[in-house]
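Hi everyone, thanks for coming along.

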Amino acid sequence: MLSYLAAALPSHVGAAARLLALQCALRMNTDGQVRLPTGVLRSLRLSRDPLPWSELEQSRCLRRAPAAPDSADSGMAAQILDSGLFAQHPARPDRRRAADWALRMARKGCASADDPALRLTALCLVAHTDSAVGRGCVEVDRIARECGLVPEALFAVFDRLEALLASWSVALDTGDLHWELLSKGERRQWADPRWREI
């Protein structure tokens with residue numbers, strides 16, 4: 001789904017809108033309708049920000065549905081307009097699990113959970129990591145498109161993912177990005193506030 005959205009969304013669509021589009025694509029029903037509960041929007045750090053929704057509407061990815069009259073706290077509802085999304089998804093239970101996984105992974109290794117570019121990049125890296133060895137290798141251009149960034153901006157984001165990445169490098173001859181994630185124990189240690197004081 002990350003690869004499809006990278007190709008389908010215009011390059012100017014920001015990281016917050018891309019995180020939102022991913023959740024909508026994974027949570028939509030067979031009619032292309034989606035309702036994101038307030039808790040999901042809070043986890044995405046988008047509960048009050050109309051800009052990501054506007055970006056997705058302008059790119060003709062979705063259209064917001066009117067709020068339900070019986071509940072002020074019902075979240076947001078939308079109708080998916082991108083017909084290509086209907087061919088991109090597995091069975092609904094698998095998509096719901098993927099949506100929940102994406103919410104958790106988007107926070108993984110991010111010291112600043114309010115920065116959508118950090119959260120989206122963390123999600124993309126974890127999604128492309130071989131979990132058996134904790135390493136990944138993908139073309140720089142592909143990761144940059146998935147994150148909605150130019151490669152130079154992507155490299156700056158990598159430098160800020162200190163709580164997730166043990167190392168990263170780009171092979172100049174192939175343009176491949178190689179990275180290694182910190183082990184779970186190392187991530188826990190780094191997340192401990194006492195570790196930051198050392």
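Let's begin with Arg 97 and Asp 94, which form a salt bridge whose closest N and O atoms are 2.3 Å apart. By salt bridge I mean a side-chain nitrogen of Lys or Arg within 4 Å of a carboxyl oxygen of Asp or Glu. Before going further, a word on where this comes from: it is a predicted model, in which local features need pLDDT of at least 70 and side-chain atom pairs count only at pLDDT 80 or more, while totals for chains, interfaces and linings use all residues. Residues are numbered from 1 along each chain as its sequence is written, and side-chain values use heavy atoms, with hydrogens and water left out.

Back to our pair. Arg 97 and Asp 94 are three residues apart in helix H5 (residues 92-107), so about one helical turn separates them. For the naming, helices (H or I, at least four residues) and strands (E, at least two) are DSSP runs, numbered from the N terminus. An α-helix has 3.6 residues a turn, so residues three or four places apart point the same way. Arg 97 is exposed, with a relative accessible area of 52%, whereas Asp 94 is partly exposed at 35%. The cut-offs here are under 20% relative accessible area for buried, over 50% for exposed, and partly exposed in between, with a 1.4 Å probe and protein chains only.

How many salt bridges are there by this rule? The count is six. Another of them joins Glu 180 to Arg 135, with the closest N and O atoms 4.0 Å apart. Glu 180 sits in strand E7 (residues 176-181) and Arg 135 in strand E5 (residues 135-139), so this pair ties together parts that are 45 residues apart in sequence. Glu 180 is partly exposed at 31%, and Arg 135 is partly exposed at 46%.

In strand E3, the bridge partner of Arg 64 is Ala 78.

So what does that sheet look like? Three strands form an open sheet in the order E1-E3-E2, with antiparallel pairing. Two strands count as paired if DSSP finds at least two bridges between them. E1 (33-36) and E2 (62-64) are the edge strands, each pairing on one side only. The twist averages 30 degrees from one strand to the next. Angles run from 0 to 180 degrees between N-to-C directions, and axes are lines fitted to C-alpha atoms, for helices over the stretch in contact.

Helix H4 (residues 51-58) lies across E1, E2 and E3, running at about 130 degrees to E2. Which residues of H4 are buried? They are Pro 52, Trp 53, Glu 55 and Leu 56. These cover an arc of only 160 degrees around the axis, which puts them on the same side of H4; the arc is that of the directions from the helix axis to the C-beta atoms.

Last stop: Leu 125, in helix H6 (residues 116-127). Leu 125 is buried, at 0% relative accessibility. Leaving aside residues up to four places away in sequence, Leu 125 touches Phe 158, Leu 161, Leu 165, Leu 177 and Trp 179, where contact means heavy atoms within 4.5 Å.
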